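I opened this structure to look up its pockets, salt bridges, surface patches and backbone angles. My entries follow in the order I made them.

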Amino acid sequence: MRKSHKNGVIITDLHLRDDIHPEYLEKQIETLTTIVTSKKFDYILILRGNHDTVTKTDTTNSVLELFNNVAEVVSDIKDIRLHHTDCTFIPHFEDEGIIANALKTAQNIVFGHFGIKGIHSTNGYAYDSFITTDHFPGKAYLGHIHKHQIHNEKVHVIGTQYTVNFGEANQDKFYYELRFNNDGSVDEYPKRLKHGIKHLNVHMHTLDKIYNQFNF
């Protein structure tokens, strides 16, 4: 029997580092590994971001090219068919004009790593950009902004899979499971993280409760 769909998972803004705490990098990898092995996925999507580029000169050189032997690394704008779905991948560029031009001819589904006007950053301010939800031909799934949010039921900002500093303290974190259907459509399923790194701001009198809740 022909399978009616294929499954994918998106993780973004990995911010892998080992200079904060002796076990920080190991816990990051443990969180990401738990996500991508939670089901049998046909596609594992990691959006190339500003922290994955070699320079900020909008060349497409990426440190992710180290993984060319195990994955297709999309360093530049590219159309890719996933199952029966035509998608446009737009990695990070400092020049928003490059992104806007790519959106003019984009396929119905866009995967990107950039902000749009009106989305809210971790610190609460509204992101300033001339790119709006009207620029997208259909659904979009974005990295770059760390706070999970959805705009006009069309643009989904994935956010980070763990908090990366105390500016993100107490935030719920998400990853996305996707279903690529035979008719070319995509259904998304946001999944709240129940494990991984979490920065917390709490009152002193709640420490015992927090200690037990998170099993420190």
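Entry 1, terms. I call a residue buried under 20% relative accessible area, exposed over 50%, and partly exposed in between. The model is a predicted one.

I looked up the pairs and the count came to nine salt bridges. Arg-17 has a relative accessible area of 37%, so I put Arg-17 down as partly exposed. Asp-19 is at 54% and therefore counts as exposed.

I then took Lys-27 and Glu-30, where the closest N and O atoms of the salt bridge are 3.8 Å apart. A salt bridge needs the nitrogen within 4 Å of the carboxyl oxygen. How far apart are Lys-27 and Glu-30 in helix α1? They are three residues apart, so about one helical turn separates them. Lys-27 is partly exposed because its relative accessible area is 36%, and Glu-30 is partly exposed because its value is 45%.

The last pair I checked was Glu-168 and Lys-173, with a salt bridge of 2.9 Å, N to O. Are Glu-168 and Lys-173 buried or exposed? Both are buried.

I asked for the largest pocket and got about 1100 Å³ of space. It is lined by 37 residues, and the closest to its centre are Leu-14, Leu-45, Ile-46, Leu-47 and Leu-64. The elements that give two or more residues to this lining are α1 (24-36), β2, β3, β4 (85-90) and β5 (109-113). I sorted the lining of the largest pocket by class and found 25 nonpolar, seven polar and five charged residues.

My search of the whole structure found one cavity of 30 Å³ or more. The volume of the largest cavity is about 50 Å³. Which residues line the largest cavity? I listed Arg-48, Thr-53, Thr-55, Lys-56, Thr-57, Asp-58, Thr-59, His-92, Phe-93 and Glu-94. By class, this lining has one nonpolar, five polar and four charged residues.

I noted a nonpolar patch on the surface, formed by Val-54, Val-63, Leu-66, Phe-67 and Val-70. Together these residues have about 520 Å² of accessible area. I located Val-54 in the loop between β2 (43-46) and β3 (78-82). Val-54 has 52% relative accessibility and so counts as exposed.

Most residues other than glycine have a negative phi. I recorded His-83, with phi near 60 degrees, in the loop between β3 and β4. His-83 is buried because its relative accessible area is 17%. I also recorded Asn-152, with phi near 55 degrees. Asn-152 sits in the loop between β7 (149-151) and β8 (155-157), and at 59% relative accessibility Asn-152 counts as exposed.

I placed His-135 in the loop between β5 and β6 (140-143). His-135 is partly exposed, since its relative accessible area is 30%. I took the C-alpha separation from His-135 to Ile-158 and got 18 Å, for residues that are 23 apart along the chain.

Terms used: Residues numbered from 1 in each chain as written. Predicted model: local features only at pLDDT ≥ 70, side-chain atom pairs only at ≥ 80, totals over all residues. Heavy atoms only, no water. Patch = residues over 30% accessible without salt bridge, like charges linked within 9 Å, V, L, I, M, F, W, Y side chains within 5 Å. Areas by Shrake-Rupley, 256 points an atom, 1.4 Å probe, with all protein chains shown as cover. Salt bridge = Lys/Arg side-chain N within 4 Å of Asp/Glu carboxyl O. Helix = DSSP H or I, 4+ residues; strand = E, 2+ residues; numbered from the N terminus. Buried < 20%, exposed > 50% of the residue type's maximum accessible area, 1.4 Å probe, protein only. 1 Å grid on protein atoms, 1.4 Å probe; cavity = no way out; pocket = protein on both sides within 12 Å on 5 of 7 lines; lining within 4 Å. Points joined across faces, edges and corners; volume = space filled by probe spheres on them. Nonpolar A, V, L, I, M, F, W, Y, C, P; charged D, E, K, R; others polar.
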